[in-house]
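Welcome to this short tour! Open your viewer, get ready to select residues, and follow along stop by stop.

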Amino acid sequence: MQQVKAKKALGQHFLTDLSVARRIADTLGERVGMPVLEIGPGMGVLTQYLMQDGHRLKVVELDGESVDYLNANFPDLRGNIIADDFLKLDLNAIFGDEEFCVIGNYPYNISSQIFFKVLDYKDQVRCCSGMLQREVAQRLAAGPGSKTYGILSVLLQAWYDVEYLFTVDENVFNPPPKVKSGVIIMRRNGVTDLGCDERLFKTVVKTSFGQRRKMLRGSLRGMLPKDCELLKDPFFALRPEQLSVADFVRLTNMVKQANAEREQ
């Protein structure tokens, strides 16, 4: 069967370097036996190694032409090819309560959305690895004080240990993207309870970075009672990129306490 034509609307750039595909597959080496979901397999350059390694593999692919290619070229995968949009999937319907891993050469145009969805299933997704645009990969792994440290950095690192592994040049793709790529791995940490209201934590993080150049007393003013004394605390003179995950937990509890006192 002829090669699949890359579709710009789907953000497709097919990896052609088998050694890179092998290295990405190796990120799950210690997870053999655990179910694995590959996102966007395309023509199966990564899929072939995941199958060789004995993973209990399912793949999800939106592109109908790629689905046809996989069915024709990977007969052992039939029945485990999900022709659908990952962002719309109910992963509980696929894996039940079982823990699983996620891997892929992620479409660059939806990579952030993919990781937000992984967070929704953080109690089941034990590890998540793969390739995405280098700048986004660096952002996910960035620590406090970095210019790339942001919303996803904090939200992911609250639950995962994120490691940037290596950079991939543009010339190993067809068609070549205009940017370099980066490979990361995220391993679930031991956190089971953040120590604060999780929903409020997300709101505080997103609101803080929504105006990242402002001090916290400016960006979070709307989340606090009018003339709140808390705004005078030196902690609120910091900017969001200066705060660790633990600092954001502390900040969330401070915001919650201030609003609870107003209601008394």
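**Stop one: the cysteines**

Begin by selecting C228, which counts as buried at 13% relative accessibility, since the cut-off for buried is under 20%. Remember as you look around that this is a predicted model. Which cysteine sulfur is closest to the sulfur of C228? That one is in C196, and at 18 Å it is too far for a bond.

Next, select C101 and C127, which form a disulfide with their sulfur atoms 2.4 Å apart. Turn the view to look at the S-S bond: the angle about it is 100°, and the link of C101 and C127 is right-handed. Now show the strands. C101 sits in strand β5 (residues 100-105) and C127 in strand β6 (residues 125-133), so the pair ties together parts that are 26 residues apart in sequence. Are these two cysteines buried or exposed? C101 is buried, with a relative accessible area of 0%, and C127 is buried too, at 1%.

Move on to C128, which is in no disulfide. Its nearest cysteine sulfur belongs to C127 and is 7.7 Å away. C128 also counts as buried, at 0% relative accessibility.

**Stop two: a pair of helices**

Select helix α8 (residues 198-210) and helix α10 (residues 245-263), which pack at an angle of about 105° with their axes 9 Å apart. That angle makes α8 roughly perpendicular to α10. To see the contact, show side chains including F201, V205 and F209 of α8 and F248, L251 and V255 of α10. By class, this contact has 10 nonpolar, two polar and one charged residues.

How values were computed. Residues numbered from 1 in each chain as written. Predicted model: local features only at pLDDT ≥ 70, side-chain atom pairs only at ≥ 80, totals over all residues. Heavy atoms only, no water. Axes fitted to C-alpha atoms, helices over the stretch in contact; angles between N-to-C directions. Helix = DSSP H or I, 4+ residues; strand = E, 2+ residues; numbered from the N terminus. Parallel < 35°, antiparallel > 145°, perpendicular 65-115°, else oblique. Contact = heavy atoms within 4.5 Å. Nonpolar A, V, L, I, M, F, W, Y, C, P; charged D, E, K, R; others polar. Disulfide = S-S within 2.5 Å. Buried < 20%, exposed > 50% of the residue type's maximum accessible area, 1.4 Å probe, protein only.
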